[in-house]
Amino acid sequence: MRLALFVHLISVALWIGCVIVEGIYEHSIDKSPAMRSFISRLHWNTDKFVEIPAFLVVLLSGAYLLQGRTLGGLLAAKVAFGALAIFLNAVCVWLVIRRLRHAEAGDFAGWERVDHLQHKLGGLVALAMLAALGIGGYLFVVGGA
């Protein structure tokens, strides 16, 4: 169980770090077609090789850690926020792919629409992650994790 918790926490840290880095590079580009295409490819590669594996390990290790536990109170809230973050992040991955397709087609009006939605949902991912992390940290400190 301790190894599963370690894997879970390392994966959460990797996932959060990935989301932070994506936010930084997403908001650091100019809006030229070349940069939009570049950032679309970069974000998809980051999702494919880092973010998706990280949140899948968070999901699987979290499910393993819940075996035999009663889900109630703050633990239920932590799980709900974590599941919401994973679900919203999966939607964001779909949006990243759509945005890449728009960039590849030279449809930057479509790219802009998807980009706006992706960034709004990405903000919700970050908030849900922080809520789950905060509750998890509290439960860990008070011995309820």
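Leaving aside its neighbours within four places in sequence, which residues is A85 in contact with? Keep that question in mind while we look at the whole chain.

What you see above is a predicted model, in which local features need pLDDT of at least 70 and side-chain atom pairs count only at pLDDT 80 or more, while totals for chains, interfaces and linings use all residues. Residues are numbered from 1 along each chain as its sequence is written, and side-chain values use heavy atoms, with hydrogens and water left out.

Let's begin with the overall plan. The secondary structure comes to four helices and zero strands; here helices (H or I, at least four residues) and strands (E, at least two) are DSSP runs, numbered from the N terminus. Reading from the N terminus, the elements run α-α-α-α. The C-alpha atoms fill a box of roughly 50 × 25 × 20 Å, taken along the principal axes. Of the 145 residues, 38% count as buried, where buried means under 20% relative accessible area, exposed means over 50%, and partly exposed is in between (1.4 Å probe, protein chains only). Contact means heavy atoms within 4.5 Å. Among the contacts with a separation of 6 or more, residues 24 or more positions apart account for 77%.

Now back to A85, which lies in helix α3. Leaving aside its neighbours within four places in sequence, A85 is in contact with W15, V125, A128 and M129. A85 counts as buried, at 0% relative accessibility. Take M129 from that list of contacts: A85 and M129 are 44 residues apart along the chain, and their C-alpha atoms are separated by 5.7 Å.

A pair of aromatic rings is described by the distance of the centres and the angle of the planes. Rings of Phe, Tyr and Trp (its six-membered ring) pair if their centres lie within 6.5 Å; planes under 30 degrees apart count as stacked, over 60 as edge-to-face and the rest as tilted. By this rule the count comes to one aromatic pair. W15 and F55 form this tilted pair, with 5.9 Å centre to centre and 50° between the planes. W15 lies in helix α1 and F55 in helix α2 (residues 33-66), so the pair ties together parts that are 40 residues apart in sequence. Is W15 buried or exposed? W15 is buried, and so is F55, the latter with a relative accessible area of 5%. Not counting residues up to four places away in sequence, F55 touches W15, I86, N89, A90 and V93.

Next, how do the helices pack? Two packed helices are described by the angle between their axes and the distance between the axes. Axes are lines fitted to C-alpha atoms, for helices over the stretch in contact, and angles run from 0 to 180 degrees between N-to-C directions. Angles under 35 degrees count as roughly parallel, over 145 as roughly antiparallel, 65 to 115 as roughly perpendicular and the rest as oblique.

Helices α1 and α2 pack at an angle of about 155°, with their axes 8 Å apart. They are therefore roughly antiparallel to each other. By class, the contact of α1 with α2 has 18 nonpolar, six polar and four charged residues. For these classes, Ala, Val, Leu, Ile, Met, Phe, Trp, Tyr, Cys and Pro count as nonpolar, Asp, Glu, Lys and Arg as charged, and the others, Gly among them, as polar.

Helix α1 (residues 2-26) also packs with helix α3 (residues 73-105), at an angle of about 40° and with the axes 13 Å apart. α1 and α3 are therefore oblique to each other. H8, W15, V19 and E26 in α1 meet K78, A85, I86, N89 and R99 in α3. This contact has four nonpolar, two polar and three charged residues.

Finally, α2 packs with helix α4 (residues 108-142) at an angle of about 50°, with their axes 12 Å apart. That makes α2 oblique to α4. P33, R36, S37, I39, S40 and H43 in α2 meet F108, W111, E112 and Q118 in α4. By class, the contact of α2 with α4 has four nonpolar, four polar and two charged residues.
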